[in-house]
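The report below goes from strand pairing to a metal site and then to the chain as a whole. Please read it alongside the sequence and the structure.

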Amino acid sequence: MSHDFGPAVALSCRECGARYPLGPSFACLECFGPLEAAYEFGNVTRADIESGPANIWRYRSLLPVPADVATKPNMNPGWTKLVKAGNLGQALGLKSLYVKDDSGNPTHSFKDRVVAIAVEAARTFGFHTLSCSSTGNLAGAVTAAAARAGLDACVFIPANLEAAKIAMARVFGGKLIGIEGTYDEVNRFCSELIGDPLGDKWGFVNVNLRPYYAEGSKTLAYEIAEQLGWRLPEQIIIPIASGSQLTKIDKGFKELVALGLVEDTPYKIFGAQAAGCSPVSTAYKAGHDVVQPVKPDTIAKSLAIGNPADGPYVLDIARRTGGAVEDVTDPEIVAAIKLLASTEGIFAETAGGVTVGVLKKLAESGRLDPEAETVVLNTGDGLKTLDAITGDDAKPTAVIRPSLDAFRAAV
Amino acid sequence: MSVSVRIPTILRTYTGGNAEVSGEGATLRDVLAKLDSDYPGIGARILDESGKIRRFVNVYVGEEDVRFAEGLDTPAPDGTQISIIPAVAGG
Ligand SMILES: Cc1ncc(COP(=O)(O)O)c(C=O)c1O
Ligand SMILES: [Zn+2]
């Protein structure tokens with residue numbers, strides 16, 4: 001039976017180039033390298049895209065999905081705001097700064113983009129249960145998408161996640177299993193479950209459906225370019241957990257150039273990690289091209305992947321484009337959340353604190369061109385990581401009786 | 001010394017479909033060498049030409065990723081479980 005994946009024609013190994021038919025497989029039989037979707041694009045025009053819906057399906061001719069994808073029950077994520085961040089830019093000495101605010105997605109993180117593609121693949125392969133290993137946001141995105149698609153869900157998280165992420169993953173129904181361990185242990189567990197009869201007919205969005213899932217992050221690149229008026233940004237700051245999103249944004253920019261949808265102008269990609277989980281940044285600074293895993297300890301739990309599978313590709317991309325990989329401490333993450341909130345009215349989760357913190361660090365150390373058009377990603381919502389805001393910041397400025405005198409005395 | 005080795009789906013063609021096989025050796029290196037002699041060809045799937053664990057393979061001895069331990073020299077005491085798992089991105 002042939003599956004309809006639109007312009008995608010095969011899976012190809014990112015390491016050795018071996019090609020495989022489109023199926024629920026994710027690792028190369030020759031070398032264990034990651035498989036990714038390979039395409040034969042038709043003639044894609046700006047006008048076609050612009051006449052599409054205000055969600056990621058406007059780019060369906062660039063994604064591994066059938067042409068009628070928009071008619072099926074799914075979350076229709078994407079087309080989030082690209083906010084001109086003049087105040088934050090001024091605070092950091094950057095002339096032209098934008099925030100791509102992906103907290104505006106249906107379950108309030110960029111994960112809705114990747115999951116929407118995986119759901120289509122799960123439907124195509126006849127899976128009945130949608131699953132994942134998650135650092136938090138993915139779990140909620142999967143359970144919500146499964147509810148809408150009419151699939152069962154069973155998702156796995158480290159047991160110590162933020163309360164809001166747990167409630168969010170639970171409320172849509174399905175099973176939520178907390179694992180005593182780190183994300184990397186959850187991920188390992190899922191990889192073993194996949195080879196077991198227990199996991200038969202399960203689509204693990206980030207394991208056996210990963211070649212499809214990962215392509216969803218390309219839509220961030222497409223949207224940013226289109227929202228800038230069909231131009232590539234000159235500098236972009238992207239968070240790194242596994243490194244998948246960063247890798248695919250680069251792929252998206254390259255496709256736009258290859259298809260003639262944007263001019264071939266240089267861009268620099270900067271990766272951002274929390275100091276308490278910075279294996280890629282550490283490798284970057286040491287000049288290594290392999291990543292030594294770490295055991296995470298940071299408030300940026302959504303980015304707490306100690307063994308990032310796409311780490312080597314992130315290093316290649318940062319070096320090839322003239323960018324960098326940098327990290328910031330937990331107090332710097334909290335300060336950056338407050339800076340973004342107080343300058344632009346955007347409440348980011350800790351992952352957004354990481355990107356804005358790294359933006360600040362790069363700007364202050366002169367590693368960003370202050371004249372260049374710069375985009376920083378906020379990939380999640382501050383309401384999911386409220387614990388990051390503590391002490392006086394989590395209280396009213398004053399509590400008074402309802403009288404003018406009391407107010408006068410308090411301010 | 002006898003250990004058990006969990007085989008990922010993509011390598012089960014070598015083990016006649018078995019998800020778990022028994023192995024032997026004092027260290028992970030020895031266990032993999034014995035595995036390759038029992039199931040010829042499987043070793044080259046796990047180790048690259050220079051004899052290092054491939055970039056996109058994670059190997060665990062017990063609960064521990066061997067990159068945190070002594071790599072191929074990690075001891076493999078009697079009764080331990082060894083798992084070979086493809087690296088997968090995306091959280
Ligand atoms: C809010 C948020 N931003 C960014 C990421 C990074 O994703 P990736 O694993 O693709 O690097 C995650 C991953 O879980 C996330 O939850
Ligand atoms: Zn390969």
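Two strands are said to pair if DSSP finds at least two bridges between them, and the strands themselves (E, at least two residues), like the helices (H or I, at least four), are DSSP runs numbered from the N terminus. This is a predicted model, in which local features need pLDDT of at least 70 and side-chain atom pairs count only at pLDDT 80 or more, while totals for chains, interfaces and linings use all residues. Residues are numbered from 1 along each chain as its sequence is written, chains are lettered from A and ligands numbered from 1 in the order in which they are written, and side-chain values use heavy atoms, with hydrogens and water left out.

Chain A has 14 helices and 13 strands.

| Partner strand in chain A | Sense | Bridges to strand 13 | A bridge pair |
|---|---|---|---|
| Strand 5 (residues 96-101) | parallel | six | Lys100(A) with Leu377(A) |
| Strand 10 (residues 235-239) | parallel | three | Gln235(A) with Thr374(A) |

Six of the six residues of strand 13 are buried, so the strand is largely enclosed by the rest of the structure; buried means under 20% relative accessible area, with a 1.4 Å probe and protein chains only. Glu373(A), Val375(A) and Leu377(A) point one way from strand 13 of chain A, whereas Thr374(A), Val376(A) and Asn378(A) point the other way, and all are buried.

**The zinc site**

The zinc ion (ligand 2) is coordinated by the SG atoms of Cys13(A), Cys16(A), Cys28(A) and Cys31(A), at 2.3 to 2.4 Å, where donors are N, O and S atoms within 2.8 Å of the metal (3.2 Å for Na, K and Ca). Angles of 99 to 118° among the four donor atoms make the site of this zinc ion tetrahedral, a label that requires four donors with all angles between 85 and 135 degrees. Along the chain, the donors follow the spacing C-x2-C-x11-C-x2-C. Cys13(A), in strand 1 (residues 8-13) of chain A, and Cys31(A), in the loop between strand 2 (19-20) and strand 3 (35-39), are 18 residues apart, and the pair links distant parts of the chain. Both Cys13(A) and Cys31(A) are buried.

**The chain as a whole**

Of the 411 residues of chain A, 61% count as buried. The C-alpha trace of chain A spans about 75 × 45 × 45 Å along its principal axes. Residues 24 or more positions apart account for 70% of the contacts in chain A with a separation of 6 or more, contact meaning heavy atoms within 4.5 Å.

Technical notes: Tetrahedral: all angles 85-135°; square planar, octahedral: opposite > 155°, others 65-115°. Buried < 20%, exposed > 50% of the residue type's maximum accessible area, 1.4 Å probe, protein only.
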